[in-house]
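Student: I am new to this structure and would like a close look at one part of it. Please take me through that part slowly, and then through what surrounds it.

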Amino acid sequence: MKLRRVLLAGWCLILAGLSGCGGDKNSSTPVPAIFGTLDDGRSAMLYTLRNKNELETIITNFGGRVVSMHVPDRKGMLDDIVLGYDSLQQYETDRSYFGALVGRYGNRIGKAMFTLDGSVVTLAANDGANHLHGGLKGFDKVLWTVDEAASVPGRSLALTYQSPDGEEGYPGTISVRVVYTLNEENELVIEYDAQSDKPTVVNLTHHSYFNLAGVGVRDVLDHELMIAADRFTPVDEGLIPTGELRSVEGTPMDFSLPARIGARIGLEDEQIRFGGGYDHNWVLNGGSDSLRVVASLFEPTTGRMMEVLTTEPGLQFYSGNFLDGTTRGKSGRQYHFRTGLCLETQHFPDSPNKSHFPSTVLRPGERYHTTTAYRFTVR
Ligand code: GLA
């Protein structure tokens, strides 16, 4: 696998002159590798997390992106199950948010503006007239600082980023901390923290594109999905919620019992048409704050299963409708229509303009704290 070779080459570079090449899977603690150099001369690094069950993820501090995630199938065969690229340069120009930490605001804010404490806040418009995923240069495109003291090599990676007052139009300097942990329960846990010196809004999420059959094998339409939600937030043509919380019952949005993604994606339905497939936010049952299983994804040929746990009130299920084969990813593979899907835990889109949605306002002295985990099993 080309990416593996690139990574191993990086390892060897770092270890040259120390103890030789450390790419052996059975060797002890993984060592960070240089992924590439940004225009300003700073290096982006690759960090490997691995557990005793041989699950392995590689994360770069550029955009806090999950570059690869190897998990076993029901026969114990490891495969990479997330879409991405081989090089840093491809991540720098990426428009799909592969594997990214998304902020300050995951998802859309209508007309790229909102009112906070009586003042109008104008954001960068990067999705027609709307604001999407933090703007022109969101958290997916910045180099995060690695907090080495708070990271456990091979097991967890603590990333920090200080977003300056006014960045992409948002008020307040915010200090963000995200910790990725790969634990022995086969969970990739993501803990998000933020604090602000002025009232602002924050809604952080993670944007891996999963394909549990393995990257580049087939589309995701045969995956079976369950979302523990009785309602969703219908959208207008620009994918901005109308404000309604609509029952999923009798609609293609009903995933309260596991259903094949392809079963209803082609139905004539206004919401499916607006999304070009699934690109909607579900109102998760059980409110927010308690970490609970909110979704499960099963791929029948490999038996791989992924559960999503979160403290968040919402989940965006995006079925990769904008992938069209023009993006070349790992090993030069084309990423065709719907060959990856995202399950983005979050507060609802456009919450800053919807006072009846759970609030995304963060005030000085408050702590933003959410947790999401992707748990891997087989069936
Ligand atoms: C999100 C959005 C989609 C699309 C992707 C990135 O999931 O909801 O509409 O913008 O990100 O391509």
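Student: Which residues are linked with Arg 65 in a network of salt bridges?

Tutor: The model is a predicted one. In it, the network of salt bridges links Arg 65 with Asp 94, Asp 140 and Lys 141. One of the pairs is Arg 65 with Asp 140, whose side chains meet with N and O 3.3 Å apart. Arg 65 and Asp 140 are both buried.

Arg 50 and Glu 56 form one of them, at 3.1 Å from N to O. Arg 50 and Glu 56 are both buried as well. Another salt bridge joins Arg 218 to Glu 299, with 3.8 Å between the closest N and O atoms. This pair also links distant parts of the chain, 81 residues apart: Arg 218 is in the loop between strand S16 (205-207) and strand S17 (224-227), and Glu 299 is in strand S22 (residues 292-299). Arg 218 has a relative accessible area of 32% and is therefore partly exposed. Glu 299 is buried, because its relative accessible area is 2%, and the cut-off for buried is under 20%.

Next come the domains. The chain divides into domain 1 (2-97 + 143-158) and domain 2 (102-139 + 159-378). Their contact takes 45 residues from domain 1 and 47 residues from domain 2. Between the C-alpha centres of the two domains the distance is 24 Å. About 3800 Å² is buried between domain 1 and domain 2, and carbon and sulfur atoms give 58% of that area. On the domain 1 side, Leu 83, Tyr 97 and Trp 144 lose the most area to domain 2, together making up 23% of what that side buries.

The polar part of this interface can be counted too. There are 29 residue pairs in polar contact across the interface of domain 1 and domain 2. Several elements each supply at least two residues of the side of domain 1 that touches domain 2, among them helix H1 (2-15), strand S2 (43-50) and strand S4 (65-72). Between the two domains the count of salt bridges is two. Separately, Asp 80 forms a salt bridge with Lys 330, where the closest N and O atoms are 2.6 Å apart.

Two threonines complete the tour. Thr 370 lies in strand S27 (residues 368-378) and is buried, because its relative accessible area is 6%. Beyond its neighbours within four places in sequence, Thr 370 is in contact with Ile 190, Glu 191, Tyr 192, Thr 311 and Glu 312. Thr 242 is placed in the loop between strand S18 (229-233) and strand S19 (246-247). Its relative accessibility is 48%, so Thr 242 counts as partly exposed. With neighbours within four places in sequence left aside, Thr 242 is in contact with Pro 234, Val 235, Asp 236 and Lys 354. The side chain of Thr 242 also reaches the backbone nitrogen of Glu 244, at 3.3 Å.

Terms used:
Residues numbered from 1 in each chain as written. Predicted model: local features only at pLDDT ≥ 70, side-chain atom pairs only at ≥ 80, totals over all residues. Heavy atoms only, no water. Helix = DSSP H or I, 4+ residues; strand = E, 2+ residues; numbered from the N terminus. Buried < 20%, exposed > 50% of the residue type's maximum accessible area, 1.4 Å probe, protein only. Contact = heavy atoms within 4.5 Å. Domains from an automatic or database assignment. Buried area = accessible area lost by both parts, 1.4 Å probe. Salt bridge = Lys/Arg side-chain N within 4 Å of Asp/Glu carboxyl O. Polar contact = N/O pair within 3.5 Å; in protein donor to acceptor, adjacent residues only side chain to side chain.
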